[in-house]
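Me: Hi! I'm new to this one, could you walk me through it?

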Amino acid sequence: MTVVHEVLRSGDERVSARAAELYRRELDTLVERTPASAMLYERARRSMPLGVASSFQAAEPHPVYLSRGNGAEVWDVDGQRYVDFHNGFGSMAVGHTHPAVTAAIERAARRGTHFAVTTEAAVEWAEELCRRFGVDQIRFTNSGTEATMDAVRLARAATGRDEVVKVEGSYHGHHDAVMFSVAPSLQLVAATDDTGRQPPASLGIPAVLSALTHAVAFNDLAALEAVLAERAGRVACVILEPVMMNIGIALPRPGDLEGVRRLCSAHGVVLVFDEVKTGATIAAGGATERYGVQADVVCLAKSISGGVPAGAVGGRQDLMGLIGNGVAQQGTFNGNPLAAAAGLAALTEVLTPDAYAHFDRLGRRLAAGCRAAVAESGIRAHVVDLGCKGCVSYRREPLVDYRSFLDTDPVLFNASWAWMVNRGIFMTPGNEEQWTLSVQHEDRHIDRFVEVFAGFCAAVAG
Ligand SMILES: Cc1ncc(COP(=O)(O)O)c(C=O)c1O
């Protein structure tokens, strides 16, 4: 397979060089601005690998550690305030300390924080998720990782097959079955053969498992068709993010999700939508609702639970009925009362139809402002928005798959991230991420982002 690379024009090279210089300067500023974070980092490194609770939280030169949040804003341990567009990796569509969610958690806490017995709130929360995502039944988990792990197990049990097809360069959590072709290097991508198999993306995963997981490009129905035909009778499931969101944002081409649905049905393969990021953010019923394509199994987490750790796996009755009939799905904290209270309040009181209209309006405003700044400066970038998610990716043309993501300019992203964070815009440090808006974001927060971003574009364009 060939990897196509845009040849950098000399103007783009000058912009990249300026971005590298600007990044160095902004990192120096960041270090000066955040001495308390630097000290906490030194301390945290002694008790936690990389000084963080999850490797995704690590950052150069050190993480900016937060102490609190309120509404659309967060404060770091140095006492500096930011408008939050990171929003807990996309988990906080409700915003911070939302009165309805906080009240629900307080009420639940006073009644007992954990029983490991199902409460009525958990039942109501399950009913609301079934309604939103068009599934018959759901089971709760504690994370998106557990949700996709359970989905793969259900698919294997239902089909009696072992193999998994996923999308090249996609992340579905850190359990073994999906830790292949997560963020492969250019060299690895170029060396991948037509079976789409790759070595494990982490030490500690048996290499033999790479025989079970195949990767195909997003938006490439022909490749999917070929692998399903070649592996006929062996593939249990196709798992994909209906909108690919761990590379910035790649939208499905018109008809693509319908095509994936058709191919899975034709081959007796379980279709799993990983809606951990898209669920409850790009529409009430996530991509399932937005694109009108129904998967067999849906995986949820992040914004479905108002900022309390939780996930869910849901599907048709014939699949979910396997739980209790041979398929193991369990967990001490599944459906925990605090999570159920927060999730139910988030979905029924906060993330209402008005909230999704608000996301669409603010998202469009933010994207339009960023697009104008990009056009004015002439830097190579494009902007996408979808509900409360959106991003600037440093490539002129929209992304279609992981290989097009490899064509983005990480130097420009790094410089933009440091520039923004030094000016009070809190963003995720990684060009594979996107912004997440909350119901508590207002026009002034959006306008501040645009103002700071436009300053970056002008600075880097020279
Ligand atoms: C698409 C997708 N699936 C699954 C996961 C795993 O979720 P968690 O971090 O809750 O385990 C993530 C996490 O970022 C994700 O983005």
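**A helix pair and a ligand shell**

Reply: Happy to! The crossing of α15 and α16 is right-handed (the near helix is turned clockwise from the far one by less than a right angle). Keep in mind that this is a predicted model, where local features need pLDDT of at least 70, side-chain atom pairs count only at pLDDT 80 or more, and totals for chains, interfaces and linings use all residues. Residues are numbered from 1 along each chain as its sequence is written.

Me: Which residues of α15 and α16 make the contact?

Reply: From α15 come Leu 412, Ala 415, Ser 416, Trp 419 and Met 420, and from α16 Val 452, Phe 453, Phe 456 and Val 460 (contact is C-beta atoms, placed from the backbone, within 7 Å).

Me: And by class?

Reply: That contact has eight nonpolar residues, one polar and no charged (Ala, Val, Leu, Ile, Met, Phe, Trp, Tyr, Cys and Pro count as nonpolar, Asp, Glu, Lys and Arg as charged, the others, Gly among them, as polar).

Me: OK, new topic. How many residues surround the ligand?

Reply: There are 15, and the closest are Ser 143, Gly 144, Thr 145, Gly 173 and Val 276 (a residue counts if its C-beta atom, placed from the backbone, lies within 6 Å).

Me: Which helix gives the most to that shell?

Reply: Helix α6, residues 144-159, with three residues. By class, the shell around the ligand has four nonpolar, eight polar and three charged residues.

Me: How many helices and strands does the chain have?

Reply: The chain has 16 helices and 14 strands (DSSP runs numbered from the N terminus: H or I of at least four residues for helices, E of at least two for strands).

Key
Two residues are in contact if their C-beta atoms, placed from the backbone, lie within 7 Å.
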